[in-house]
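Me: I have a model open and want to go through a few parts of it. Can we take it piece by piece?

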Amino acid sequence: MPPTKISSIKVDGNQITIINQLLLPHVTEYVEINSIEDAFDAIRSMKIRGAPAIASLAALSVVQHLDRTRRADPQPQFLTSIALFKSHIEETLAHLYESRPTAVNLGAATRRLMQVLNEGVAAEKSISDIVQDLMVEGIAIAGEDVGRNKAMAQWGGDWLVDLVTKKNGAPSEGLNVLTVCNTGSLATSGYGTALGLITYLHDTGKLGKAYFTQTAPYHQGSRLTAYELQTLKIPSVMICDPMVGSLFQHHPIHAVAVGADRIAKNGDTANKIGTYNAAVIAARHKIPFIVVAPISTVDLDISDGSKIPIEHRPPIEACLVRGILYPNGDKVEHAQVMITPEGLEGIYNPSFDVTPAELIAAIVTEKGVAVKADGAMEFDLSSVV
């Protein structure tokens, strides 16, 4: 049976464990994170994924690293001088950032820690004091996520209810919302972003059904979102990625709610591959398309989506599917299966696509809901950042 509470990261003192999301939903395996390299590998290999969750893990891995090294006997060389210490932390943060560079939350987390480092050095603090400051900041980065997720879920949920109520001229109930990928507790430190909005609608009696795409090639929808919705006992329907148009033609869908890995200054949004497809079809059917993401996801240094770096995964990942053998009887046996001819060439496998601001009805952060001015094609995000 699925657990009653899902948490992608567990911390006990300086012990960190994560759920290996590559094995969900059939096997719940906790993986220990005992080094910066363990955290890098977990993020890069997608044992943990979701922009807020990987930022939290990166920050916590720095906390763990500093806590363990300051207790080591003998102490490592980098703790013997400010110059060596600064260089070591800079290299560590740069290395963690390279694990998934598209996710701006990871960059925001490493920049926050870098700022603490630089301020401590400039103030001529001792190494031990800077270590303490970095640990406090790392813990704060991870701890902020749940509260802001609940705030943005309420902002976005109430906005959608008001929108549909005004459109229908009657109180809104039974709202059907489609989401892409996984944006719940497994992608964050708890509650979720777009899936948090869906959870909020369910908790307040406003949700009809949650629809979600399988989200190939990693199937975060069919593996992870399905697992979370089943655990939370939220009525839901899975669809294959190419079925979005058919769904909109034959079923009343009141909104599409998605997360984001990076939002440009004008509102262009990078999210899991397949999001742009859903946005285009939603626009054709006049279904509001809502982006739900924390402030840390907004990158005001990037003017528009053309400047967002898009991660391309290894081609082989698009050729494989993971799961358990079926039928399996009483034994759960994992398998990885190739679904293409061996040696296939010319594989295009980006992890993300960019949805232009013109296709987005609202961008929700923990500060509120941003909408475009009448006739505008882009957002002014100043009110929600």
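Me: Which strands does helix H2 lie across?
Reply: H2 (residues 51-71) lies across S1, S2 and S3 and runs at about 155 degrees to S2. Angles run from 0 to 180 degrees between N-to-C directions, with axes as lines fitted to C-alpha atoms, for helices over the stretch in contact. Contact means heavy atoms within 4.5 Å. Helices (H or I, at least four residues) and strands (E, at least two) are DSSP runs, numbered from the N terminus.

Me: What are these numbers based on?
Reply: This is a predicted model, where local features need pLDDT of at least 70, side-chain atom pairs count only at pLDDT 80 or more, and totals for chains, interfaces and linings use all residues. Residues are numbered from 1 along each chain as its sequence is written, and side-chain values use heavy atoms, with hydrogens and water left out.

Me: What is the strand order in the open sheet of three strands?
Reply: The order is S1-S2-S3, with antiparallel pairing. Two strands pair if DSSP finds at least two bridges between them.

Me: Why is one side of S1 and of S3 left without a neighbour in the sheet?
Reply: S1 (9-12) and S3 (30-33) stand at the edges and each has a single partner strand, so one side of each has no neighbour there. On average, neighbouring strands of this sheet are turned by 25 degrees against each other, direction ignored.

Me: How many bridges join S1 to S2?
Reply: Four, and S2 covers residues 15-19. Ile-9 stands opposite Ile-18 in S2.

Me: Switching topic. At what angle do H6 and H7 cross?
Reply: Roughly 65 degrees, and the axes of H6 (residues 145-168) and H7 (residues 194-203) come within 8 Å. H6 contributes Ala-153, Gln-154, Gly-156, Gly-157, Asp-158, Leu-160 and Val-161 to the contact, and H7 contributes Gly-196, Leu-197, Tyr-200 and Leu-201.

Me: How do those residues divide by type?
Reply: Six are nonpolar, four polar and one charged. Ala, Val, Leu, Ile, Met, Phe, Trp, Tyr, Cys and Pro count as nonpolar, Asp, Glu, Lys and Arg as charged, and the others, Gly among them, as polar.

Me: Last one, the largest cavity. Which residues lie nearest its centre?
Reply: Arg-49, Gly-50, Ala-51, Asn-182 and Asp-261, out of 25 lining residues. A cavity is a set of points on a 1 Å grid over the protein atoms alone where a 1.4 Å probe fits but cannot get out, and lining residues have an atom within 4 Å of a point.

Me: Which element gives the most to the lining?
Reply: H2, with three residues.

Definitions and conventions. 1 Å grid on protein atoms, 1.4 Å probe; cavity = no way out; pocket = protein on both sides within 12 Å on 5 of 7 lines; lining within 4 Å.
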